[in-house]
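Please prepare a briefing on the structure shown below, grouped by topic, with the cut-offs behind each term.

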Amino acid sequence: MSHIRNFCIIAHIDHGKSTLADRFLEITKTVEPRRMKNQYLDQLELERERGVTIKMAPVRMVYKAQTDMDKTRTDADNKMEAQIDTDKTLLYENLTYKIRGAVFSVRKQLGLGHKEIIYQKALRIEFKKIGLNFEQEKNIDVFYDKQKVGVYRPDFIIENKILIELKTLSFIGPQEEKQIWNYLRGTNYELALLVNFGPRKADIYRIINQSRENSPQLSASSPQLSASSPQLSASSPQLSAYILNLIDTPGHSDFSYEVSRALAAVEGAIILVDATQGIQAQTLANFRMARAAGLKIIGAVNKIDLFRTPINANIDADKRGLKTVVGELADLIGCQPSEIYKVSAKTGEGVEELLKAVIEKIPPPAPSQQESALGRALIFDSFYDNHRGIIVSVRVFDGEIKKEDEIYLKATKVFSKIKELGHFSPQLKADEVLKTGAIGYVVAGIKDPEEIKIGDTLFAFKNQEKNLIFSQPGLAGYSQPRPVVFASFYPENSDDYDLLKKAFQKLKLNDSALTFELEQNELLGRGLRIGFLGRFHFEITAERLQKEYFVKIISSFPSVAYRVKTLNGWRIISKAEDLPQNFLEIQEPMVDLEIIAPSIYLNNIFPLERAYRLTDIKIISQKEQIIIRAKMPLRELISDFNDKLKSVTEGFGSFNYILTDCLKADIVRVDFLISKKLIPGLSRFFIKVEAAKEAGKITKLLKKLLPRQQYSQSIQAVINNKVVSREDIPALKKDVAGYLYGGDRSRKMKLWQKQKRGKEKLKEKAAAKIPAEVFKELLRR
Ligand code: GTP
C-alpha cells in the first residue's frame, strides 16, 4: 500500500489535463506507442469530436523509478514496510477493536477540525467509559549510546500493551509512520496506533514491532527507546515500482460534480495552469474543492514551450509572464514559487519530474480502518456494458474485494455476487483482488440502473460474514447536486418513448448528476423532464443520447426553475406552460458570480452589467488580474453570457458561480400560437420589459422556418391573452378552377368552395404539427 498513489489532475478547461495524462501514459508505458493518440483518456466520441473532457477517466499506471525518497531509503524503511504489510494476524485484535470503537465514537460526537488536546480529553473519557486501563503521557526514557538523552511521551499506553500517538494532520505521510516505528522498535511494546483526526476523517495506522527479539537488552519494567539514527543502506538504492492511479477530470464548470467525485477517491491532486492564461475561474473553484477534500496539492504550470517559440517575439515579457503565473499559483496554494513545477505537456519537458513529485509528495492510502475482513469501497462512478451489465468504479477504503465475494450495496440494499473485478488500464483489465487503497471496477451482474447509487458503499464479504455488514457504517458518499437548468426531451418518433427512457437510464448511470421525471405533451407525446447542472450539460446530454444511444430527440427550450406564489402557496415551476395566469409573485434563482480576467479588459466587461443584470458588483485587483464579484440572475448566466464574456476578453476571461437565493422578478409567460392554436412546448418565460421584443424575434423566426402550406397561417405571440407580436404566412396558391374555360361561374364557385373547405380541414389537422426540425432550429438560435 505504501507504493500506491491515487491522484487527480484538475484545471480550468483546456489548460492541458488530458495532454499531461498522455505524457504520463507514455512515461509509464501504460499504452503501447502504436495505440497512443492525443488526449487518450477522452474516450467518448463526443469528447474527441469537441476536444473537451466531460467524463472523469481513471487509469492505473505502473512506474518504476528512483525518486528522491528512494535515494534516502534505508534498510529500516524496507523493514518497516515489510512489517506493516505483513500485519495480517492483527495483534491484540480485541483491544484494538475497543480502541477503534472509542476513536470512532469521539469522531462521531465531536466531529473533525478540533485541536489535538480536545481529542485527547475526549478519548480519555471514552476509554474510561469502556473500562480500558490506560496511562496518559507517561514518560519513556530515550537513550543514546546507553546515556539518557530525552524522554518520549506517547499520548496513551493502553493496558501496558499498545502505544497511542494522536495527530491532527491533513495527512499522515511515511515520515510520521517512520517516526513512530523508530520509537516503537526500541521498546518492549509490539504495537502502536497512530490516530489521526484529519480534515476529512479519522484514520488509525497500525504500526507493529516484530524486531523485539533481536533488540538489545531491554528492561521489561521501563521500556527504553533506541535513538540511533537510521543507517543509509550500503547497497545502491533500488528502483521501486509504484502503482499510480490517476483520474483525469473535466474542466468545464457544469461538470464540477465529476471533479468532486473523483476528489473523494484520491489522496492528492495536481493543479495545472496554462502559463499563457494564468489562474482562471475553474482553477480557483477546483482548487477550493481539492483543499476542502483535504488533498495534498501539487502546483504545475503548463505550456511553457509556448515561451520558446519565435512567434513570441518579446521573450522578456513572456518570461515575466511565466514568472507571474508561477508566483500567483504559489500564492494560491500557499507554497514557494520554487515548488511549482514548470512543464510542457505537449513536448514532455518537466513531466517526469512532476510524476516523481506525485510519488514523493502525495501520501499513500491510509491503512484499513476495519477490524473485520470485510471489504468496504466507495462507488464513485458507473456505466453500462451491453454484455456485463452495470459496471461500478470503486475506491477500496478497507479490507479486500475478491472475485466470487458476495456484495451488499448499503443505500439500495442490494445483494449480489462479484463476477469480475479489475483495474482500468484504461480499458478494463481483470484481477483476482482489489486491496485497500486500490481504484478499480466491479461487475456483479446487476442490470437495473435503479439498484446503483453513486456515492453508495459497497461491502464485499464471504457468506459467513454476512451478519457483520449491517453493523458497519457506510462511507461518507456525496450529496446529490442541485439541477439548475430544465428541459423536456421527446423522441422524434413518438413510438420510441421506451427507447428514449431506457437510453436515458443507461446514460444516467454514467452521469449521476442528471435528474428526471416523466412528462406528457399534447403534440409530442410522452417524454422526460430532465434537470441539468448548466446549459453545457444540457447540450452534451442531448448529443450523447443521439450519438451513444442513437435516439433522435426533440428538446424544449432550457429554462431555470422559478418560485411562484399562487393562491395555494409557493410552487417551483420550470415550464412556462405551468405558470398560472393569476399568480401573485414570481421569484427567480440568483447566483454569486466570480469573473477573473486580465485587468486590461475591465472596460470591456463593464457593459455586461446592464445586459446581464449584474448587481452588487465588487472589483478586486490582484497584480495583473481583476476579480469581479457580483450577483446575477441564473437565467442570464445560462443565456449567452459565457460566449459574450469570452468575446469581450478575447478568451482570457472566465467565470465561476454558486447558486444562492431567489429574488422577486418581473417575469411573464409568452405563448406562441399557430393559426390560433397554442403550441405546447414553445411557451417561454421572459423578463417583462423585453418580452414583446423577444417574442417578436421568435414569431419572425417561426415565419422563416415553418413551411408554407395550402392555407394561410398566422403566428402569434401572446401574453395574458394579449397578442404582442404577429406574423402571417400566406397560403401556397393553386388555381383549382384554371382548367375551366369560359364563364361557368357556378362551377368555379363550387371548386373554390371545395378548395376552401379542404384548406380549412388541412389547417385543422396541420396546426397540430410542427416539424421536428423547426423545434431544433428554434432551440439553436
Ligand atoms: P478539458 O478536458 O476540455 O478541460 O481540456 P484539458 O485541460 O484536458 O486540455 P487538453 O489536454 O485537451 O488541451 C487543450 C489544448 O491545449 C489542446 O489543443 C492541446 O494540444 C493544448 N496543449 C496542452 N498542453 C500543451 C502544452 O504543453 N503546450 C502547448 N503548446 N499546447 C498544449
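**Briefing**

R288 and E594 form a salt bridge in which the closest N and O atoms are 3.4 Å apart; a salt bridge here is a side-chain nitrogen of Lys or Arg within 4 Å of a carboxyl oxygen of Asp or Glu. R288 belongs to helix α9 (residues 281-292) and E594 to strand β31 (residues 585-598), so the pair ties together parts that are 306 residues apart in sequence. Helices (H or I, at least four residues) and strands (E, at least two) are DSSP runs, numbered from the N terminus. The model is predicted: local features need pLDDT of at least 70, side-chain atom pairs count only at pLDDT 80 or more, and totals for chains, interfaces and linings use all residues. Residues are numbered from 1 along each chain as its sequence is written, and side-chain values use heavy atoms, with hydrogens and water left out.

**Salt bridges**

- By the rule above, the count comes to 29 salt bridges.
- R288 is partly exposed at 40% relative accessible area, while E594 is buried at 7%. Buried means under 20% relative accessible area, exposed over 50%, and partly exposed in between (1.4 Å probe, protein chains only).
- E519 and K575 meet through their side chains in a salt bridge of 3.1 Å, N to O. E519 lies in strand β26 (residues 515-521) and K575 in the loop between β30 (569-573) and β31, so this pair ties together parts that are 56 residues apart in sequence.
- E519 counts as buried at 10% relative accessibility, and K575 is buried with a relative accessible area of 17%.
- K138 forms a salt bridge with E135, with the closest N and O atoms 3.5 Å apart. K138 is partly exposed at 28%, and E135 is partly exposed at 31%.
- A network of salt bridges links K55, E258, R261 and D381.

- Five strands make an open sheet with mixed pairing, in the order β3-β6-β7-β8-β9. Two strands pair if DSSP finds at least two bridges between them.
- β3 (134-136) and β9 (202-208) are the edge strands, each pairing on one side only.
- On average, neighbouring strands of this sheet are turned by 20 degrees against each other, direction ignored. Axes are lines fitted to C-alpha atoms, for helices over the stretch in contact, and angles run from 0 to 180 degrees between N-to-C directions.
- Strands β6 (residues 156-158) and β7 (residues 162-167) run antiparallel and are joined by three bridges; F156 has I164 in β7 as its bridge partner.
- Helix α5 (residues 93-110) packs on the sheet and touches β6, β7, β8 (191-197) and β9, its direction making about 155 degrees with that of β9. Contact means heavy atoms within 4.5 Å.
- Helix α6 (residues 116-129) lies across β3, β6, β7 and β8 and runs at about 145 degrees to β7.

- Strand β38 (residues 713-719) runs antiparallel to strand β39 (residues 722-729), and seven bridges join them.
- I715 stands opposite E727 in β39.
- The hairpin has two residues between the strands, and N720 takes a positive phi near 50 degrees.

**Nonpolar surface patch**

- F606, I617 and I619 form a nonpolar patch on the surface, with about 230 Å² of accessible area together. Patches are made of residues with over 30% relative accessible area and no salt bridge, joining like charges within 9 Å and nonpolar side chains (Val, Leu, Ile, Met, Phe, Trp, Tyr) within 5 Å.
- Accessible areas come from the Shrake-Rupley method with a 1.4 Å probe; for residues, only the protein chains shown count as cover.
- I617 is found in strand β32 (residues 615-622) and is partly exposed, with a relative accessible area of 30%.
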